[in-house]
Amino acid sequence: MIKSDTNNNYPFELTPLPYAYNALEPYIDEKTMELHHDKHLQTYITNLNVTLKDYPELHSWSLEQLLYYSNLLPSEIRTAVVNNGGGVYNHNLFFANLTNKQTKDVPTGILLQAINADFGSWEDFKKEFKRHCLSVFGSGYTWLAACSNGKVHIVNTQNQDTVLPFNLYPIMLIDVWEHAYYLKHYNVRADYIDAWFNVVNILKAEENYNRVKL
Ligand code: MN3
């Protein structure tokens, strides 16, 4: 089963950001963070709870179970759970993987070894990751994710889909929905990606990878 930081289940609640709304300035602006967390994420949480309200048999399921075993869900709520549950899962990961206290800008250890094995170097990986981000048509995410054997992949997903159904473990992800960057970067997604690399939590990515490998 997919490993997780949390084993949260119904009713889902908004987790406070682990930093201030303005902590990621000038890379991600205060207003975007406030709206993204307090409005966008809250809406996914509210809608997921409303969707599950009349299904008590699902109230003990973790978010990961709901998404991983979505084919077992009642058909009338499956799409709503995938969309809203994915919105909760992806945003929780996205916000938890940002930091205003960056202590390193290049991974080390086994994560760097895995990246070097597949992409040559961290700089080459960043170029490839950015290329993937720019190729997301419409709304979605770009992920660095790992197989259980430790091999890393860059994966794009649409809308609020996750990598869980592919048996991949998330290492880090970027939200490339326009609401994640439009107020500051307007339509220029490339600038937002460059800015995001300054605040993505490299230590957290290493922790995520270490849990796959250990
Ligand atoms: Mn978003």
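This is a predicted model: local features need pLDDT of at least 70, side-chain atom pairs count only at pLDDT 80 or more; totals for chains, interfaces and linings use all residues.

What follows is a quick chat about the metal site, a helix pair and the sheet.

Me: OK, what coordinates the manganese ion?

Reply: His36, His91 and His179 through NE2, plus Asp175 through OD, at 1.9 to 2.1 Å. Donors here are N, O and S atoms within 2.8 Å of the metal (3.2 Å for Na, K and Ca); water is not among the atoms, so sites may look incomplete.

Me: How are those donor residues spaced in sequence?

Reply: The pattern is H-x54-H-x83-D-x3-H.

Me: And aspartate 175 and histidine 179, buried or exposed?

Reply: Both are buried, meaning under 20% relative accessible area, with exposed over 50% and partly exposed in between (1.4 Å probe, protein chains only).

Me: Switching to helices. How do H1 and H3 cross?

Reply: The axes of H1 (residues 30-52) and H3 (residues 75-96) come within 9 Å and cross at roughly 145°. Axes are lines fitted to C-alpha atoms, for helices over the stretch in contact, and angles run from 0 to 180 degrees between N-to-C directions. Helices (H or I, at least four residues) and strands (E, at least two) are DSSP runs, numbered from the N terminus.

Me: Which residues meet there?

Reply: Among them are His36, Leu41 and Tyr44 in H1, and Val88, His91 and Phe95 in H3. Contact means heavy atoms within 4.5 Å.

Me: Now the sheet. What's the strand order?

Reply: S2-S1-S3, an open sheet of three strands with antiparallel pairing. Two strands pair if DSSP finds at least two bridges between them. The edges are S2 (152-158) and S3 (169-175), each pairing on one side only.

Me: What packs on it?

Reply: Helix H4 (residues 109-119) touches S1, S2 and S3, its direction making about 80° with that of S2. Helix H5 (residues 122-135) also packs on the sheet, touching S1, S2 and S3, at about 15° to the direction of S2.

Me: How many bridges between S1 and S2?

Reply: Seven, in the antiparallel sense. Leucine 144 has isoleucine 154 in S2 as its bridge partner.

Key:
Residues are numbered from 1 along each chain as its sequence is written. Side-chain values use heavy atoms; hydrogens and water are left out.
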